[in-house]
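Subject: Structure handover

Hello,

Please find the structure below, followed by my notes on it.

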Amino acid sequence: MINIPMKSKGAIDRSTLHTLNKNPAPSQKNAKKPVQRQIPPLVKPVQKGQKVSIETSSPLRSIKACFGWNAANPDCDADVSAFLLGADGKVPGDSWFVFYGQTQSPDFSTSLHAKPASDIQSITIDFQKLNPHVSKIVFVLTIHEAFQRNLNFGMMKDAYVRILNAENEAELVSFKLTDYYSNVISMMIGEVYRHNGIWKFSAVGNGVARDLAGLCALYGVQVND
């Protein structure tokens, strides 16, 4: 099992995971206007639902998935996480989940990095170190404490992912989210998966009304009560 630490309040307990906070959202009357970040150039954009190969003429040894976004509501604090999945769509074990509380996978192939040069967060994946039982890595953007603070993706915008060749920083593919719903607090931005020995990217862009612990349950990670 795994603990999902709150950024400031310790570990989540079971009541926190399943109870919506019904208090009104914080007043925005005197709220500071959120800083708007400039989106870097998206060189090879694809549309929602597209699946493309990220292999090149030379062997693809490692990639860097770079993420960024803007928020209309200054209370929206978002985080990127990655679930490393087997052929059954589940994690091989609880530790195969990379997020702000566990920034590296057990095989040392996948690592989370905060505040890279032109993006907000990035995740690097070394295919040469990746456990052969892992056939898919799902990237998720989640609003922190969304249930407790009545936040949702209708308050977000400009979210994107850029998949780069980690060796030369060349963009392989990019995807900018187009759908932002008020009943969604987590977005599966995209996924990198192996098909017939070739690594591909799928522009997913689907949201769910699940927090990070709820996503853990979806992908087979057991969270401590």
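The lining of the second largest cavity divides into 4 nonpolar, 4 polar and 1 charged residues (Ala, Val, Leu, Ile, Met, Phe, Trp, Tyr, Cys and Pro count as nonpolar, Asp, Glu, Lys and Arg as charged, and the others, Gly among them, as polar). This is a predicted model, in which local features need pLDDT of at least 70 and side-chain atom pairs pLDDT 80 or more, while totals for chains, interfaces and linings use all residues. Residues are numbered from 1 along each chain as its sequence is written, and side-chain values use heavy atoms, without hydrogens and water.

The lining consists of Arg37, Gln38, Ile39, Pro40, Gly68, Trp69, Asn70, Ser118 and Tyr160. Strand β5 (residues 62–71) gives the largest share, 3 residues. The volume of this cavity is about 40 Å³, and the whole structure has 2 cavities of 30 Å³ or more. A cavity here is a set of points on a 1 Å grid over the protein atoms alone where a 1.4 Å probe fits but cannot get out, and lining residues have an atom within 4 Å of a point. Volume is the space filled by probe spheres set on the points, which are joined across faces, edges and corners.

Strand β5 also belongs to an open sheet of 6 strands with mixed pairing, in the order β3-β12-β11-β5-β9-β8. β3 (45–46) and β8 (110–114) each have a single partner strand, so one side of each is left without a neighbour in the sheet. β3 runs parallel to β12 (residues 171–176), joined by 2 bridges; Val46 has Phe175 as its bridge partner there. Strands are DSSP runs (E, at least two residues), numbered from the N terminus, and two of them pair if DSSP finds at least two bridges between them.

On aromatics, the whole structure has 6 pairs (ring centres within 6.5 Å; planes under 30 degrees apart are stacked, over 60 edge-to-face, the rest tilted; for Trp the six-membered ring is used). Phe97 and Phe99 are stacked because their ring centres lie 4.4 Å apart with planes at 5°. Phe99 and Tyr100 are edge-to-face, with centres 5.2 Å apart and planes at 65°. Phe83, Phe97, Phe99, Tyr100 and Tyr219 form one aromatic cluster. Phe97 is buried at 0% relative accessible area, whereas Tyr100, at 24%, is partly exposed (buried is under 20%, exposed over 50%, partly exposed in between; 1.4 Å probe, protein chains only).

Regards

Note on methods:
Helix = DSSP H or I, 4+ residues; strand = E, 2+ residues; numbered from the N terminus. 1 Å grid on protein atoms, 1.4 Å probe; cavity = no way out; pocket = protein on both sides within 12 Å on 5 of 7 lines; lining within 4 Å.
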